[in-house]
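Good morning, and thank you for joining this group meeting. I shall present one structure today, and I ask you to keep the view open while I speak.

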Amino acid sequence: KNTMVLNELRRQLAVIRDLADVRELKARAADGSVAVKRKAVNAHIHVPPNFSAFEGVADALRQADRENVRVLGVSNYYDYRVYGPFIAEARRQGVFPLLGVEVISLADDPDIRRMRVNDPDNPGRIYLCGKGTTRFAPMSARAGKLLDIIRRHDRTRMAQMTTRLAKVFAAAGVETGLDDEAITDRVVGRHGCARDAVTLQERHVALAFQEALFELVPAEARAGKLERV
């Protein structure tokens, strides 16, 4: 492991030396002779199996290339094994991979629970975001324990949400047969990912119910049925 780190440092040093020697770099910086153009940055996207605007890592990086984004940050919910393929593909395409975390939390303080912090629709909900994280594995025992707690509470929340929504649809005459396990099945089928890598989000649930509505209700009847829902 140490050999790999040293080799990477040597490689980076060689890149710098190819630019100029240290004294020349200092002189250029001092006299302002080198124009510095900031690279385009997008520090926060999600990639599957999180709900995403992209089909996968490769699709996200193709879009980054089209928009000349040279620093791209991924901040997936609660499972980070996709970060390995993301780093590898980003390096191949000359994009700097920025790794982040995002955790949905609820405020304990009753005053803050009435405030909109960084979620415009849900008072008291706070998205804790970290950028530039350098190590996800191996996790410390405390980090692993906290992440297990977060996942467990999130699974409970999404299961309850899905059950309630299924009842609403059933009351309007649309028996979807959906629960959190069935929606997870759809995510796994769509992205070919490991089942335990899936963290359901509200948008996964919304998409699954939309798909079920379209599967069960003829096109001409959907608007009326959705109005009943």
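I begin inside the protein, where the largest cavity has a volume of about 40 Å³. Please bear in mind throughout that this is a predicted model. When the whole structure is searched, one cavity of 30 Å³ or more is found.

Which residues line the largest cavity? They are Ile183, Arg186, Val187, Arg190, His204, Leu207, Ala208 and Glu211. Two helices are involved: α7, residues 180-191, and α8, residues 202-216, each contribute at least two residues to this lining. By class, the lining comprises four nonpolar residues, one polar residue and three charged ones.

Let me turn to the sheet. As a general point, the strands of a sheet pair through backbone hydrogen bonds, in either a parallel or an antiparallel manner. In this model, four strands make up an open sheet of mixed pairing, and their order is β1-β2-β3-β4. At the edges stand β1, residues 40-45, and β4, each of which pairs on one side only. From one strand to the next, the twist averages 25 degrees.

β1 and β2 run parallel and are joined by four bridges. Asn42 is found opposite Leu72 of β2.

How do β3 and β4 pair, parallel or antiparallel? The pairing is antiparallel, and it extends over seven bridges between β3 and β4, the latter being residues 125-131. Within this pairing, Glu102 faces Cys129 in β4.

Helix α3, residues 57-66, lies across β1 and β2, and its direction makes an angle of about 145 degrees with β2.

The largest pocket holds about 1000 Å³ of space. Its lining consists of 23 residues, and those nearest the centre are Ile87, Arg91, Pro97, Leu99 and Thr134. Two or more lining residues come from each of α1 (2-19), α4 (83-92) and β3. Which element gives the largest share of this lining? That is α1, with six residues. Sorted by class, the lining of the largest pocket contains 13 nonpolar, five polar and five charged residues. Around it are 19 lining residues, with Tyr77, Tyr127, Gln201, Glu202 and Arg203 nearest the centre. At least two lining residues are supplied by each of β1, β3, β4 and α8. Eight residues of this lining are nonpolar, six are polar and five are charged.

Finally, I would draw attention to helix α8. This helix supplies at least two residues to the lining of the largest cavity, and at least two to that of the second largest pocket. Thank you for your attention.

Terms used. Residues are numbered from 1 along each chain as its sequence is written. This is a predicted model: local features need pLDDT of at least 70, side-chain atom pairs count only at pLDDT 80 or more; totals for chains, interfaces and linings use all residues. Side-chain values use heavy atoms; hydrogens and water are left out. Two strands pair if DSSP finds at least two bridges between them. Axes are lines fitted to C-alpha atoms, for helices over the stretch in contact, and angles run from 0 to 180 degrees between N-to-C directions. Contact means heavy atoms within 4.5 Å. On a 1 Å grid over the protein atoms alone, a cavity is a set of points where a 1.4 Å probe fits but cannot get out, and a pocket is an open set with protein on both sides within 12 Å along at least five of seven lines; lining residues have an atom within 4 Å of a point. Grid points are joined across faces, edges and corners, and a volume is the space filled by probe spheres set on the points. Ala, Val, Leu, Ile, Met, Phe, Trp, Tyr, Cys and Pro count as nonpolar, Asp, Glu, Lys and Arg as charged, and the others, Gly among them, as polar.
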